[in-house]
Amino acid sequence: GSSLSDMIKRGGSIPLQDAVGIIRQIGGALGAAHQRGIVHRDLKPDNIYLIPRGEMVNFVKVLDFGIAKVGGASNKITRTGMIFGTPHYMSPEQAAGQSVDARTDIYALGVIMYEMFTGHVPFDADTFMAVLTKHMFEKPGPMSRPGDERSLGALEEITLKALEKKPEHRYQSMQELVDDLERVAGGGRPRAAGGGTGPSAALADALEPRSRSEMNLAGQLAEASAPRKPYFWIGAAALALLGILLVALAVRGGGEEHASAVHESFAPNALPPPVPVSLPSAPAVVEPTPKPIEAPRQIVTIESDPSGATVIMDGAIVGATPARFPRPETGSRQLELRLDGYSKENVRISSDSPTTLRFALRRRSAVAASPKPAAPKPEPPQPTRPTGKKQRTASEVVDPWAN
């Protein structure tokens, strides 16, 4: 067969009908592995092969479980803090060297879906660490833009749901993702992705063989059955209150006129004073309490001179300078900056830290590492040549007037 990456390279992006069928099969294969406690951890288009089988042109095989994590086992090869996988398809927790589970494969499938629909990966950079930093801190760009002839509609919602930074915000199983694909194929709305618009007219040819009128009817039914917004109920309650107040005023005015007529037609002491009519008080409209707007957490940017230093936290690589981290609300966090040829720099960020921290890295001293100069070798004694004169010793007294 041929790899999915070859198919993407040939076409730039895959037709929607083929892409949806391939994604369903990938989700089914990985779902079967996850049920047996196996996490692939290196899912990418190079590890997905397409072969003809029977009437299927693109039958999917998921390959290369070479660095898969089986069950809850941990050993020296897969211990926390070590990074395995291909950077363009790594989940944020995998890039940070944290423990992973089936939701890591869901994130990788989201990257593959993004690439299948757009022809390029959501995050790219010149260095390994820059790609990992984008996975951990940046949001993917929009997949379809206004004015595009091919609108992804609900498929974009499913893809971005799989690409959530926090594992608890993604699909919790491959079956949830496949179920949403089935709903979209049937003309419905993705449930786990939080609703949104139904499939657009451009998706009608990419999903199940339904007519365009059936797709539009399904979208209208989904819109009609959608829950009303809270503003609708507030307006209805206000109209009901206005009606109750008008009825109460009419009843009170009629009662006062009737009591006056009876009082004038009889003697002053013939009848007891009119009994006041007590009307039920109108129910007060309870305004919904607005949720307090949470102030966005400020970001602390760590810079180094020179830049490109590796940032390590709790023994795991979390980025490279310049790096951005959310400012801790309480306590502090200890980081380390490391760069070849420079001394290690300890960094601490807390709730009082400024928005930018700059550090000038110090070069390691080369004196301690240089070898000591060798001691000069002693000169060998020079031989004396015999002469006709008597050789004097150092202890003899020399007569300067002697010939």
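**A walk from the largest pocket to the sheet**

Start by selecting α3 (92–95), α5 (128–137), β8 (316–320) and β9 (323–326): each supplies at least two residues of the lining of the largest pocket. The names are DSSP runs numbered from the N terminus, with helices being H or I of at least four residues and strands E of at least two. Before you go on, note that this is a predicted model, where local features need pLDDT of at least 70 and side-chain atom pairs count only at pLDDT 80 or more, while totals for chains, interfaces and linings use all residues. Residues are numbered from 1 along each chain as its sequence is written, and side-chain values use heavy atoms, leaving out hydrogens and water.

**Stop one: the pocket**

Now zoom in on the pocket, which holds about 1,200 Å³ of space. Show M136, F137, K165, K166 and P326, the closest to its centre of the 30 residues that line it. A pocket here is an open set of points on a 1 Å grid over the protein atoms alone, where a 1.4 Å probe fits, with protein on both sides within 12 Å along at least five of seven lines; lining residues have an atom within 4 Å of a point. The volume is the space filled by probe spheres set on the points, which are joined across faces, edges and corners.

Which strand gives the most to this lining? Pick β9, with three residues.

**Stop two: helix α5**

Stay with α5 and colour M129, V131, L132, T133, H135 and M136, which are buried (under 20% relative accessible area, 1.4 Å probe, protein chains only).

Next, select the three strands that form an open antiparallel sheet in the order β1-β3-β4. β1 (2–3) and β4 (56–62) stand at the edges with a single partner strand each, so one side of each has no neighbour in the sheet. Turn to helix α2 (16–35), which packs on the sheet, touches β3 and β4, and makes about 35 degrees with the direction of β4 (axes are lines fitted to C-alpha atoms, for helices over the stretch in contact; angles run from 0 to 180 degrees between N-to-C directions).

Two strands pair if DSSP finds at least two bridges between them. Five bridges join β3 (48–53) to β4, and two join β1 to β3. Click on Y49 in β3: it is the bridge partner of S3, and it stands opposite K61 in β4. I51 faces F59 in β4.

Finish at G54 in the hairpin of β3 and β4, where it takes a positive phi near 60 degrees.

Methods
Contact means heavy atoms within 4.5 Å. Buried means under 20% relative accessible area, exposed over 50%, partly exposed in between (1.4 Å probe, protein chains only).
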